Amino acid sequence: MYPFELVHPTTVADASAAITKSGGQALAGGQSLIGAMKLRLAQPGTLVDLSGIEELRGITQDGAGITIGALATHAQVGDSDVVKRALPALAALAGGIGDRQVRNMGTLGGAIAHNDPAACYPAAVLALNATIRTNTRTIAGDSFFTGMYETALAEGEIITSVTFPIPKKAGYVKFPNPASRFALVGVFVAQLSDGVRVAVTGAASCVFRSRALEDALSQSFTAEAARATVIGAAGLNGDLHASPQYRAHLIPVIAARAVAASG
Amino acid sequence: MGASLIGQSVRRKEDVRFLTGAGQYTNDIVGTRATHAFFLRSPHAHATIRAVDLSRARSTPGVVAIFTGADLTGVNGLPCGWLITGTDGKPMAEPPHPVLAQGKVRYVGDCVALVIAETLNQAKDASELIDVDYDVLPAVVNCVDTLKPGAPQIHDAAPGNKCFVWAIGDDAAVDAGFARAAHVTKLDIVNNRLIPNAIEPRAAMASFNRSDESYTLYVANQNPHVERLLMTAFVLGLPEHKVRVIAPDVGGGFGSKIFLYPEETAMVWASKQVNRTITWVAERSESFLSDAHGRDHVTHAELALDADGKFLAMRVQTTANVGAYLSTFGSCVPTILYATLLAGQYTTPAIHCEVTASFTNTAPVDAYRGAGRPEATFVVERLVHQAAVEMGIPQDEIRRRNFIRTFPYQTPVALMYDIGGYEPSLDDAMQVADVAGFPARKADAAKRGKLRGLGYSTYIEACGLAPSNVAGALGARAGLFEAGEVRVHPTGSVTVFTGSHSHGQGHETTFAQLVADRLGMSVENVDIVHGDTGRVPFGMGTYGSRSLSVGGTAIVKALDKIVAKGKKIAAHLLEAADTDIEFKDGKFTVAGTDRSKAFGEIALAAYVPHNYPLDKLEPGLDETAFYDPTNFTYPAGAHICEVEIDPDTGVVTIAAFTACDDFGTIINPMIVEGQVHGGLAQGIGQALLEECVYDTESGQLLTGSYMDYAMPRADDLPMFKVSNTVTPCTHNPIGAKGCGEAGAIGAPAAVMNAVMDALAPVGVRHLDMPASPHRVWQAIHAARS
Amino acid sequence: MSVAQSLIVNGKLVTADLDPRTLLVEFLRDHLGLTGTHVGCDTSQCGACTVHLNGVAVKSCTVLVAQARGATVLTIEGLAALDGTMHPMQAAFKECHGLQCGFCTPGMVMSALDLVQRHPGASESTIRAELDGNLCRCTGYQNIVIAVQQGAAAMSQ
């Protein structure tokens, strides 16, 4: 690791000010950032440790849906009775990120701010059009993920919580990369009061909505309808573990399983 | 004493330290005023080094010294331990393998500079300021492509990138066999390149003692005496007796820690230059780049059969990748340890194999669990499977028709099998695997939309390396015996010094059982010392499943001397003739009487020789033996794998795996079973998950971390069903054959044959490993469209 | 620049002035001499470095000591009783031959304890799934799974 300065603010305002002033980087669970720093791939001059900020914690439910503090760990979300009852697909998603040790440190806010193209959470945020609350504004899930490792967050802007609306039905299935166990293809399907939304992660440079699957599932929210959908390979990732054609094939297959899992 | 300790699952003596965090692996040992080493490695697969500028790096804080190849005057290259003579009668091309690059780098990860600093961060900081001016050259990574005209030339001393062309077997007899064949089966096979991935990365700590000009090297290694011999005699020119090599607790090896590597060699040399202790532990990404890799063969194989499915002849042409440099045993793995196993368990009367070894811009390739024998088994068992399919003969039946049934058996590829019993293993495995119930399971899977398949692998291996004279005639540059010393203490407890090395195999328990059983004492009274040239008389180390059959036999030979001497002492004390003394259950008894002396009394008498035959016997009770085996051992068995494939995703699931192995006499069934489990996991890993991939253009390692190299995890594997048949080895006193590699040798073919069986209805004939979801889906997709 | 950190490791309060870069595993190994916690990779996957932080399993190679300030840390060295009697999970690993080279073992045991806390009667498939953050190259996992089941049973008595 390269040297850095570490600060421990206790309020979001102080944290934001510290990041803006230093040009530094927020540290949540650190499960991606510390790894990158160890390999000398990231070199923040200042790390702003968010862990002492109590207002970033907690999981609550109200009429708008489930609101999860940015520092909620994947394990906390996966184990949460509130989430398991109201939005079991999200609990299952969180419970399948990385491994248990990673889930005990990694956070919701950190995961979506990082926006790894193979991460699971972005699929839920986008499929449910969740509302991302920051220290300065709210951002719709639809406009949050802007590209590979890129989001709508401005410098010094800190995610405080995310509110997930409660769908009629939702399901998420990850087809794991055999090595990393990140999503080779992950599909989140949601039947909401205003229609069906489907988000796909792992398959392209950034999470995206599949209109073809949404159209098919709007007609018939069934595994068969998902399975019969044809997805083109254009724009999909090709790498050691999957060609674009294989990913294109997997998307409806995994979508069908997600529909089946949605109960 | 009670029942024999042989065959008892004694719980391991070594476990408490590992379970409580008290194990002492190399990087756990604290050196006084230790410095930290960091190796600057080549980022290019192939480049000449125009210049290296160290000026900025040398002036960074904490730097103790920086060395490049130019500093290593008087230091030779790393040696290869086995000379292969080609079909042209010439020795293999053996280009220099510099410790630090000399004007050229030949693979990504090749060591360019050794940076020594007070902290690791400082060493890394300094390394980033080393300015290396590279002239990047085209690279080649594929073992076949590198032999083509116009390929980049890697070494001046290896024209055409050819290391050797070597052959074994009677070509004319093979031609005759094919001429009268009723059927010929042909396959093109790639044996996928693997990265060993012992979970403890390679590590070393080197120090120099000015007072007596001696060196101490702690190193994660499987054979410290060999490490020392190669390093001192061939590379550094140091007096062997001035170097002590200690391989303390070692966290797995699987072959990758046999070899003499550049890192520890440079560190030993540098420890005198800086007069400081130097520590280094590989980061995993360095392990991926620089541990010797395994396998990497491209093979065309043909099997000739008569109308009844009897094998008439086999013809095999293999190209083997040796990497950028010849590693310690890089030349013998794809030849001696490979082609000699192509008879398998069968009476094939004529076999010919030609092996072309080539240099590429990749990490050196050397022994990895099984080392040549998994590659041979894969060729034989895939051919047999395919021949049975093509001729409509059941998989077990074609094997039964060709099994060797009388022993000793001379194969057409040099080996003489002393003993075996192949059909009982197959019968047992088929029963445990419930082969009879397979059609019903397959039908049930089909109802669920899944493809189910059953695959066999009846494998053989040659272990117990090795008769030194035979090995020497075949090109070995070292002996392959083993040494053992049994030191009986005055109070009767025992310390055994063995040249074998345990890095997970449980020698501290198995060897203690062997000794305690022979001496009639409890295992608690026997300690096993290994892995230290300063304490153990000599040793060739642990690889090739040789520890018990060779290392254990050396101990038995030393025990025989102990008992023989004990009898003389007892005869004196009991006033009887030497020849009348029997030793049993820890007691020396005058035959036919109840007059006896306990082992402890004899030990005490040997060290307090007041009433002792000093005129004809030395005091003390400490004996050493060297044992050189008269033949290899031949573990064999039958593996049956059942897979289920999801055609929608290409995911292959191991539904069941059965292994019935014949390892000869078993000392500790629990430990043997554990060895089989681990071998199977690695074999299944090769078949379904693992593959080392380099970019064919840039030569960059694409599978350089666990993000891209798929390791078997707990949920990738089933509960294995493991059993044994026993035909004791005929030429060592223990009857043991070895068990460490069997799983990795038998499993890949069993898995792939099962995959091919499952995919047969779809029309897929052959698939290369690993049968990853992507590859299986592509094959199904291509066959259907 | 160094910063004072204090935390409780295996029941003892420890305080040290540390470079902010110091990872929890480096602190345990290099400063406290608790070398039972191992490092087997650099991408947070092998799990050899697993310890408990405030009662749950984490990979100490990917946690800064600063993230653990004021926290309670339990390592493999803290499991056995004061008289040296091994924890039932450690004993089960020995009894079931759930280890070979021993390098992954401390992390494996710490993960096993975490999963048994949450799944006291875990099935084979649950244990296999829950151990996906721990690599073992020696055992093929079979005896580890059996050991975890046996250890869990012993702990519930």
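## A sheet in chain B

How many bridges join strand β19 of chain B to strand β20 of chain B, and do these strands run parallel or antiparallel? Five bridges link β19 (residues 482-488) of chain B with β20 (residues 494-498) of chain B, and the two run antiparallel. Strands here are DSSP runs of E of at least two residues, helices are runs of H or I of at least four, and both are numbered from the N terminus. Two strands pair if DSSP finds at least two bridges between them. In β20(B), Thr498(B) is the residue opposite Gly484(B).

Both strands belong to an open sheet of four strands in chain B, ordered β21-β20-β19-β25, with mixed pairing. Its edges are β21 (526-530) and β25 (622-627) of chain B, each of which pairs on one side only. From one strand to the next the twist averages 15°. Helix α14 (residues 547-574) of chain B packs on this sheet and touches β19, β20 and β25 of chain B. The direction of α14 makes about 40° with that of β19(B). Axes are lines fitted to C-alpha atoms, for helices over the stretch in contact, and angles run from 0 to 180 degrees between N-to-C directions. Contact means that the C-beta atoms of two residues, placed from the backbone, lie within 7 Å.

## Chain B as a whole

Chain B has 18 helices and 28 strands. Its radius of gyration is 27 Å, close to the 28 Å given by the globule rule for 785 residues, so chain B is as compact as a globular protein of that length. The radius is taken over C-alpha atoms, and the rule is 2.2 Å times the number of residues to the power 0.38. Along the principal axes, the C-alpha atoms of chain B fill a box of roughly 90 × 70 × 50 Å.

Among contacts in chain B with a separation of 6 or more, 81% are between residues 24 or more positions apart.

## Chains A and B

In the interface, 13 residues of chain A are in contact with 17 residues of chain B. Helix α12 (residues 244-261) of chain A supplies four residues, the largest share of the side of chain A that touches chain B.

## Confidence and conventions

The predictor gives the complex an ipTM of 0.98 and a pTM of 0.98. Chain C averages a pLDDT (the predictor's confidence in each residue, from 0 to 100) of 97, and 99% of its residues score at least 70.

Residues are numbered from 1 along each chain as its sequence is written, and chains are lettered from A and ligands numbered from 1 in the order in which they are written. In this predicted model, local features need pLDDT of at least 70 and side-chain atom pairs count only at pLDDT 80 or more, while totals for chains, interfaces and linings use all residues.
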